Amino acid sequence: MLDAAVQVLMAEGAPRFTTARVAERAGVSVGSLYQYFPNKAAILFRLQSDEWRRTSELLRDILADKPTPPLIRLRKLVHAFIRSECEEAQIRGALDDAAPLYRDAPEAIEVRAASADIFEAFMREVLPGVAPEDRSRAGNLIETTLGEVGASFSSVPRAPDEIEAYAGALADMLCAYLERLITR
């Protein structure tokens with residue numbers, strides 16, 4: 001059913017996304033669909049939750065890899081994040097259109113908090129001698145840059161070599177910023 005929901009969302013967009021269309025695409029009755037999802041908001045929230053979970057796991061797996069030097073981990077994160085943004089751009093756009101239906105749900109707040117905790121721990125590790133307010137600002141700048149640049153860059157289809165080159169340039173920029181803070 002979730003695969004069918006993704007197909008409907010990508011084909012029809014959020015405004016035309018309905019439980020009836022999802023049920024039809026999945027080859028089940030609407031009643032069967034309602035046994036799992038009480039309404040379209042529940043389906044959209046599940047799709048978004050799954051995407052948040054994947055992103056959080058990616059973040060955790062890369063940033064918590066202590067044997068790898070911190071700036072190498074940041075480079076890996078930037079490359080993985082930009083690739084992910086490009087691969088999931090079409091569905092993400094549709095989910096963003098539907099975000100008001102679930103953005104402030106407790107589960108959404110919990111996922112965002114968990115991701116923030118992972119990133120804050122990484123920033124404490126990479127910038128241990130930096131004042132907390134400067135470290136916080138650096139973390140915020142990196143997160144905001146990744147989010148905004150990722151969304152903007154992925155708004156049009158990109159070739160794999162273009163994605164890697166762009167991610168490399170962004171990683172260079174963010175690492176140079178952190179290196180400056182480390183040596184200051």
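Let me start with helix α4, residues 40–63: its 24 residues reach 34 Å from first C-alpha to last, close to the 34 Å expected at 1.5 Å a residue, where the expected span is 1.5 Å times one less than the number of residues. Helices here are DSSP runs of H or I, at least four residues, numbered from the N terminus.

This is a predicted model, in which local features need pLDDT of at least 70 and side-chain atom pairs count only at pLDDT 80 or more, while totals for chains, interfaces and linings use all residues. Residues are numbered from 1 along each chain as its sequence is written, and side-chain values use heavy atoms, with hydrogens and water left out.

At the start of α4, a side-chain oxygen of Asn-39 comes to within 3.1 Å of the backbone nitrogen of Ala-41.

Which cysteines pair up? A search of the whole structure finds zero disulfides, meaning pairs of cysteine sulfur atoms within 2.5 Å. The sulfur of Cys-86 has its closest cysteine sulfur in Cys-175, 19 Å away, so too far for a bond. Both are buried, Cys-86 at 18% relative accessibility and Cys-175 at 1%.

How values were computed. Helices (H or I, at least four residues) and strands (E, at least two) are DSSP runs, numbered from the N terminus. A polar contact is a pair of N or O atoms within 3.5 Å; within protein, one must be able to donate a hydrogen and the other to accept it, and residues adjacent in sequence count only if both atoms are side-chain atoms. Buried means under 20% relative accessible area, exposed over 50%, partly exposed in between (1.4 Å probe, protein chains only).
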